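This briefing concerns the secondary-structure arrangement of one protein chain. Please consult the sequence and the structure shown below while reading the points that follow.

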Amino acid sequence: MDPELPTRKPVIDYPCTWAYTVIGADAAAVCAAIADVFDRRDYAAAPSRTSRTGKYCSYTVELTVVDEADRDALFVAINTHEDVVMVI
């Protein structure tokens, strides 16, 4: 690792807008998973990309998170949804 690069976590001022990229194999199922997890929150979801082969699609989800615990809990909730392959 380059000794010039910082090794500490970035400072994030909460509350803030956070974006997750949610990836799955079926667009309708990914949209349903997003609605399921973020249902009680004010969020915006938009199609992001489709893989070159068309096997995977992704959606960008933006919402306000109140603190690190909130951000992490949402990440775990969407990442462990059965219709989601990966979250970035």
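**Helix and sheet arrangement**

Helix α1 lies across strands β1, β2 and β3, and runs at about 15° to β3. The model is a predicted one. The sheet is open and consists of 4 strands in the order β2-β3-β1-β4, with antiparallel pairing.

**Sheet edges and strand pairing**

- Strands β2 (43–50) and β4 (86–87) are the edge strands of the sheet, each of them pairing on one side only.
- Strand β1, residues 16–24, pairs with strand β3, residues 57–65, in the antiparallel sense over 9 bridges.
- Within this pairing, Thr17 has Thr64 of β3 as its bridge partner, and Gly24 has Cys57 of β3 as its bridge partner.
- Strands β2 and β3 also run antiparallel and are joined by 7 bridges.
- A hairpin is formed by β2 and β3, with 6 residues between the two strands.
- In the turn of this hairpin, Gly54 has a positive phi of about 85°.

**Ser58 in strand β3**

- Ser58 is found in strand β3, where Arg49 stands opposite this residue.
- The relative accessible area of Ser58 is 8%, and the residue is therefore classed as buried, the cut-off being under 20%.
- Leaving aside residues up to four places away in sequence, Ser58 touches Thr21, Val22, Ile23, Ala46, Pro47, Ser48 and Arg49.

**Packing of α1 against α2**

- Two packed helices are described by the angle between their axes and the distance between the axes.
- The crossing of α1 and α2 is right-handed.
- On the α1 side the contact is made by Ala33, Ile34, Val37 and Phe38, and on the α2 side by Leu74, Ala77 and Ile78.
- By residue class, the contact of α1 with α2 comprises 7 nonpolar residues, no polar residues and no charged residues.

Definitions and conventions: Residues are numbered from 1 along each chain as its sequence is written. This is a predicted model: local features need pLDDT of at least 70, side-chain atom pairs count only at pLDDT 80 or more; totals for chains, interfaces and linings use all residues. Side-chain values use heavy atoms; hydrogens and water are left out. A crossing is left-handed if the near helix is turned anticlockwise from the far one by less than a right angle, and right-handed if clockwise. Contact means heavy atoms within 4.5 Å. Ala, Val, Leu, Ile, Met, Phe, Trp, Tyr, Cys and Pro count as nonpolar, Asp, Glu, Lys and Arg as charged, and the others, Gly among them, as polar. Two strands pair if DSSP finds at least two bridges between them. Axes are lines fitted to C-alpha atoms, for helices over the stretch in contact, and angles run from 0 to 180 degrees between N-to-C directions. Buried means under 20% relative accessible area, exposed over 50%, partly exposed in between (1.4 Å probe, protein chains only).
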